[in-house]
Amino acid sequence: MSAIRYELIKTCKQSGARLGILHTPHGSIETPIFMPVGTQATVKAMTPEELKEIGSQIILSNTYHLYMRPGHELVKEAGGLHKFMNWDKPILTDSGGFQVFSLGPLRKITEEGVTFKSHLDGSKHFISPEKAMEIQNALGSDIMMAFDECAPYPADREYVKNSLERTTRWLQRCKDAHKNTENQALFGIIQGGMYKDLREQSAKEVTAIDLPGYAIGGLSVGEPKPLMYEVLEYTTPLMPVDKPRYLMGVGSPDDLIEGVIRGVDMFDCVLPTRIARNGTAMTSQGKVVVRNAAYAKDFTPLDPECDCYCCKNYTKAYIRHLVKANEILAARLITTHNLRFLLKLMEQVRQAIREDRLLDFREEFFTKYGYEL
Ligand SMILES: [Zn+2]
């Protein structure tokens with residue numbers, strides 16, 4: 001018995017997008033879904049209660065960071081990640097692969113795994129597929145990601161091919177090492193860079209290993225957006241219809257809509273929380289850089305169409321003042337708003353699928369939104 005189960009409710013007659021429910025040990029979530037990122041077992045500036053208030057159904061946390069600090073064994077001793085951080089809804093953990101590979105000269109890759117130096121204190125560590133499973137089993141997330149290599153962009157064909165083939169071998173080792181299949185679901189990750197035949201090869205190899213869900217990795221790594229959409233267009237049809245599809249590291253409003261139209265069910269990204277801390281809001285009218293002088297005497301909400309705590313109670317002029325004075329409340333208010341904006345966008349996307357009008361919705365959204373973020 002698998003830890004999670006995907007139920008396809010319907011596909012949009014206009015766009016082919018999927019509406020579904022993902023049943024997990026910590027409750028069911030509606031898809032397509034955006035997952036706020038809580039890198040260090042916290043979504044920066046937000047309490048779990050506040051996350052629930054704005055409609056977060058599942059959050060993501062980060063294996064590499066938790067392994068480094070406070071350590072997965074400590075989290076296990078605390079009763080697992082849900083209990084440790086006081087979040088009783090589903091959690092997805094990434095494998096740490098992305099962070100480890102991002103360390104550049106600080107890491108060395110072999111067939112066995114990756115040796116690297118800590119970004120915190122320079123100490124030496126080794127993560128293998130088996131170790132990535134041990135860590136995530138200790139964290140107790142509902143969905144665990146396989147240990148993979150996300151090839152950089154651009155990367156030459158030979159490099160991407162070798163990397164994706166190793167990722168497949170590592171996936172089998174992850175599956176063999178996974179100790180808690182009844183309560184935790186392992187997702188495989190399709191790689192292959194921007195090469196169509198390599199994406200096909202990876203999709204074939206990865207989906208041949210029977211798992212409860214699959215992800216598309218190696219996108220949103222610096223390639224032009226049209227190229228990402230093209231890769232999605234030929235990759236999602238190669239994925240099983242009865243399993244969830246997760247596009248990793250993608251979370252700008254336009255990419256969410258374009259991804260759903262191409263058959264994706266799950267997304268995550270640090271973008272809304274990161275730009276919030278720099279004083280930038282995503283709104284139904286487009287991007288608002290609150291710091292700008294234009295908002296000094298703007299006594300209207302960040303987004304007149306938003307129903308969040310920030311927009312119901314505060315003005316741009318006040319938030320701009322907080323940003324300029326380096327007040328913590330600025331980050332809290334804008335983070336609340338940005339996450340609510342994306343969660344509400346996905347609610348609207350799900351409603352549009354229900355009504356078979358997602359392409360119309362895209363048109364309406366971009367007419368108002370009018371830019372890429
Ligand atoms: Zn708002």
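How are the donor residues of the zinc ion spaced in sequence? The pattern is C-x1-C-x2-C-x25-H. A donor here is an N, O or S atom within 2.8 Å of the metal (3.2 Å for Na, K and Ca), and sites may look incomplete, as water is not among the atoms. Before going on, note that this is a predicted model, in which local features need pLDDT of at least 70 and side-chain atom pairs count only at pLDDT 80 or more, while totals for chains, interfaces and linings use all residues. Residues are numbered from 1 along each chain as its sequence is written, and side-chain values use heavy atoms, with hydrogens and water left out.

Now for the zinc ion itself. Its ligands are Cys306 (SG), Cys308 (SG), Cys311 (SG) and His337 (ND1), sitting at 2.1 to 2.3 Å. The angles among the 4 donor atoms run from 96 to 124°, and the site comes out as tetrahedral. That label applies to four donors if all angles lie between 85 and 135 degrees; four count as square planar and six as octahedral if opposite donors are over 155 degrees apart and all others between 65 and 115, and anything else is irregular. Within this site, Cys311 in helix 12 (residues 309–313) and His337 in helix 14 (residues 328–354) link distant parts of the chain, 26 residues apart. Helices (H or I, at least four residues) and strands (E, at least two) are DSSP runs, numbered from the N terminus.

How hidden are these ligands? Cys311 has a relative accessible area of 7%, so it is buried, and His337 is buried as well, at 0%. Cys306, found in the loop between strand 17 (286–289) and helix 12, is also buried, with 11%. Buried means under 20% relative accessible area, exposed means over 50%, and partly exposed is in between (1.4 Å probe, protein chains only). Setting aside residues up to four places away in sequence, Cys306 touches Cys311, His337, Arg340 and Lys344. On the same terms, Cys311 touches Pro301, Leu302, Asp303, Cys306 and His337. Contact simply means heavy atoms within 4.5 Å.

The UniProt record, an unreviewed entry, has a "binding site" annotation covering Cys306, Cys308, Cys311 and His337. These residues are spread over 32 residues of sequence, but they cluster in space, with a largest C-alpha distance of 7.9 Å. UniProt positions are given in the numbering used here, feature names are shortened, and annotations may be inferred rather than shown by experiment.

Asp94 lies in the loop between strand 7 (91–93) and helix 5 (97–102) and is buried at 10% relative accessibility. Beyond its neighbours within four places in sequence, its contacts include Ser61, Asn62, Thr63 and Tyr64. Asp268 sits in strand 15 (residues 266–268) and is buried too, at 8%. With sequence neighbours within four places again left aside, Asp268 has contacts including Phe34, Met35, Tyr246 and Gly249.

Finally, the salt bridges. The whole structure has 25 of them, each being a side-chain nitrogen of Lys or Arg within 4 Å of a carboxyl oxygen of Asp or Glu. One pairs Asp356 with Lys10, the closest N and O atoms being 2.7 Å apart. Asp356 is in the loop between helix 14 and helix 15 (358–369) and Lys10 is in strand 1 (residues 5–11), so this pair ties together parts 346 residues apart in sequence. Another joins Arg332 and Glu50 at 2.6 Å, N to O. Arg332 belongs to helix 14 and Glu50 to helix 1 (residues 48–53), so here the parts tied together are 282 residues apart in sequence. Arg332 is partly exposed, at 28% relative accessibility. There is also a network of salt bridges linking Glu233, Glu258, Arg262 and Arg362.
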